[in-house]
Amino acid sequence: MAMLEIDNLHAKIDGDEGKEILKGLSLKVNPGEVHAIMGPNGSGKSTLSYILAGKEDYEVTDGSVTLDGEDLLEMEIDERAAKGVFLAFQYPIEVPGVATMTFLRAALNAQRKKRGEAEISTPDFLRLVKAKSGALGINPDMLKRGVNVGFSGGEKKRMEILQMAILEPKICILDETDSGLDIDALKVVSEGVNALRSPDRGMIVITHYQRLLNHIVPDFVHVMNKGRIVRSGGKELALELEANGYAEYQQDAA
Amino acid sequence: MNADIRPIRTPAEQALVSALGSLPETGGGRLADLRRASARAFVENGLPHRRVEEWKYTDLRNLMREAVPLASPATVARADAGARLLNGADLRRIVVANGAVVRELSDLDGLEEGLSIATLADALASGDAVLGQLGGIVPARYDAALALNTALASDGLVITVAPGAQIERPVHVAHVFAGDIAAASFARSLVIVGAGAHFTYAESFEGPEGLAYQANVATEFVVGDEAHLDVVRLQEEGAAAIHLATLLFDVGRKAQLHTFGFSSGAAVARTSLYATLSGADSHVAFNGAVLVKDRQHVDSTLFVDHTVPGCESRELFKHVLDDNSRAVFQGKIVVRQAAQKTDGRMMSRALLLGDDAEMDNKPELEIFADDVACGHGATCGAIDEDLLFYLRARGIPLKEAQSLLVQAFVGEAIELVENDVLREALVERAEGWLRARG
């Protein structure tokens with residue numbers, strides 16, 4: 001059994017009688033694998049990432065998602081995080097008044113507590129944050145401020161990767177992590193992600209553009225359209241998409 | 001034909017009228033006249049109800065129906081056991097139990113140069129000249145809580161800070177209700193801060209949880225020219241209590257006045273704050289945090305009167321309402337014709353945690369000058385779902401995520417408290433309130 005198994009997932013916006021956004025999506029991610037999901041706007045990529053993280057605005061109407069054989073869809077949002085699900089947000093939100101250090105520590109300790117581990121000591125925590133933030137070029141002053149408050153787009157994305165590095169999840173879902181990044185920031189963020197690649201960890205990298213995949217080289221590339229995966233292949237598929245666009249898939253599915 | 005108007009009194013009103021009737025009619029002078037006038041005003045008007053605009057959302061006649069006797073003095077031991085708030089902090093502590101100063105528990109020795117503290121009872125007995133200023137700040141309209149306080153209070157504090165004195169250590173007046181019988185206590189204080197002086201005044205309120213006692217406190221503050229006064233209040237009365245507070249300020253030229261009210265106690269609490277800006281170019285800020293739950297009702301009402309040019313006033317109130325609680329914010333800012341170049345900004349924000357909680361916001365601006373910058377705002381809403389999702393997606397459980405966000409919400413107001421010791425104490429009280437939510 002794969003670490004993450006998404007099987008025939010159907011979902012719609014909660015309370016909306018209208019159309020399904022996910023229409024039978026299936027995907028398996030094994031430890032150590034990096035899967036890229038590409039597709040046009042509105043194909044359901046972000047919806048997939050939100051449903052995996054547990055956002056309550058969606059209703060799963062059919063199908064299943066398991067993490068290490070456990071039913072992910074039955075778990076609370078924070079329980080999923082403690083089990084190792086991490087969503088790097090496309091638009092990380094500003095949390096005024098909650099200092100970044102307070103937030104990081106609350107998150108780490110909450111996860112440790114749920115896993116039956118002891119809380120991290122203050123010196124250990126400070127050492128951990130210093131080491132991980134240094135590698136990402138995050139200035140210590142940023143850590144004293146409110147979470148993401150007044151950060152540039154690139155700083156917010158780096159902060160997401162810092163959280164990922166500190167929380168050490170099993171499965172990372174990166175939702176358009178490249179959006180709003182200039183070339184230099186893209187490099188820093190990609191290096192941060194690559195440093196987290198490990199034989200124990202799976203990743204789903206959602207992106208519009210092949211550009212990111214030059215830096216984070218995937219093992220598999222999937223094309224998503226209208227709520228399902230319509231084609232899967234190796235990393236060369238990304239180059240083909242870059243050359244030809246999504247038009248052929250959109251026609252096929254219409 | 002004129003029919004006799006016979007007011008129908010509630011049991012509480014009747015008890016208060018009887019208490020007023022039993023006051024000694026002896027004594028002449030201004031203060032005795034003031035007491036008698038206040039008593040008469042109450043006998044005529046009684047408790048305010050919802051048809052009195054200033055009490056529209058806090059129908060005191062209805063909320064305070066039961067008659068309670070006037071409180072008798074507390075024993076030192078009971079007062080000592082009851083007064084726990086802000087203990088241990090580096091503050092000069094004075095304990096007022098059931099409306100009377102408890103000398104045995106009060107730190108009245110070794111006062112800094114320029115600081116003088118007397119009890120109101122002593123000042124009255126000795127005919128202290130400073131009492132000429134008591135009752136000097138008068139609200140524009142009849143205020144029942146203040147009238148009762150003026151008529152019935154017999155003790156409290158008279159604090160004077162000499163011109164230019166810089167008193168670093170805050171004075172903390174710890175009000176406590178100690179007793180087994182629900183009763184009504186009244187305390188009246190006068191704080192005079194001389195020109196150019198710097199002073200921090202803190203007061204706290206507490207009492208037994210299940211007892212329906214009533215605490216009525218009124219304090220007048222005279223803030224001299226270029227003086228700097230910080231006032232911090234911590235209202236954590238017992239859950240069945242009624243707390244009525246009146247704060248009166250007269251603010252001089254180029255003075256700085258900052259108040260902060262933290263209110264999480266009592267079944268019914270009303271704080272009326274009257275400020276008259278009577279010297280040009282002063283800066284005042286009236287801020288607060290209200291945290292309520294169950295069926296609590298907490299009302300913060302401000303009247304700020306700009307009578308002179310060039311003053312700046314700021315109000316920021318944060319309300320957090322759980323369960324079926326109710327909070328009221330009324331802020332009235334008057335800018336008189338002479339008060340050109342006034343800069344006034346008022347904001348009240350509420351976070352509703354309980355589905356049945358109610359927030360009433362009533363900002364009022366009355367502007368008669370034409371060259372002013374005044375604004376007000378009020379918001380009311382639930383915790384932002386996107387913020388909650390973000391915190392929970394990192395593994396923080398719902399209640400803890402809510403607590404972090406609520407703390408951040410009230411923190412924005414609490415951080416305006418200048419004194420470190422008091423600010424940290426308030427942050428700690430807010431955390432305690434959130435922890436008690438579970």
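Reply: Let us begin with charge: chain B of this predicted model carries 41 positive and 60 negative side chains, and the centres of these two sets lie 5 Å apart. The accessible surface of chain B comes to about 17500 Å², and carbon and sulfur atoms account for 49% of that surface.

From the surface we can turn to the overall form. The C-alpha trace of chain B spans about 70 × 60 × 45 Å along its principal axes. Nine helices and 19 strands are found in chain B. Of the contacts in chain B that link residues at least 6 apart in sequence, 85% are between residues at least 24 apart.

The interior comes next. Buried residues, meaning those under 20% relative accessible area, make up 57% of the 438 residues in chain B. In soluble globular proteins, nonpolar side chains tend to be buried together. Here the largest nonpolar core has 117 residues, and the members that touch the most others are Ile6(A), Ile204(A) and Phe262(B). Helix H8 of chain B, residues 398-414, gives the most to this core, with nine residues. Apart from it lies another core, of 57 residues, which includes Ile94(B), Val231(B), Phe286(B) and Val304(B).

If we set aside its neighbours within four places in sequence, Ile6(A) is in contact with Leu25(A), Ser26(A), Leu27(A), Leu48(A), Leu52(A), Ser64(A) and Val65(A).

Two further residues of chain A deserve a careful look at the backbone. Asn8(A) has a phi near 50 degrees, which is a positive value in a residue other than glycine. Asn8(A) sits in strand E1 of chain A, residues 4-13, and with a relative accessible area of 32% it is partly exposed. Asp68(A) likewise has a phi near 50 degrees, a positive value in a residue that is not glycine. Asp68(A), however, is placed in the loop between strand E4 (58-67) and strand E5 (70-71) of chain A. Its relative accessibility is 40%, and Asp68(A) therefore counts as partly exposed, as that term covers values between 20% and 50%.

Terms used
Residues numbered from 1 in each chain as written. Chains lettered and ligands numbered in written order. Predicted model: local features only at pLDDT ≥ 70, side-chain atom pairs only at ≥ 80, totals over all residues. Heavy atoms only, no water. Helix = DSSP H or I, 4+ residues; strand = E, 2+ residues; numbered from the N terminus. Buried < 20%, exposed > 50% of the residue type's maximum accessible area, 1.4 Å probe, protein only. Contact = heavy atoms within 4.5 Å. Areas by Shrake-Rupley, 256 points an atom, 1.4 Å probe, with all protein chains shown as cover. Lys, Arg positive; Asp, Glu negative; His and termini not counted. Charge placed at Lys NZ, Arg CZ, Asp CG, Glu CD. Core = buried A, V, L, I, M, F, W, Y, C linked by side-chain atoms within 4.5 Å.
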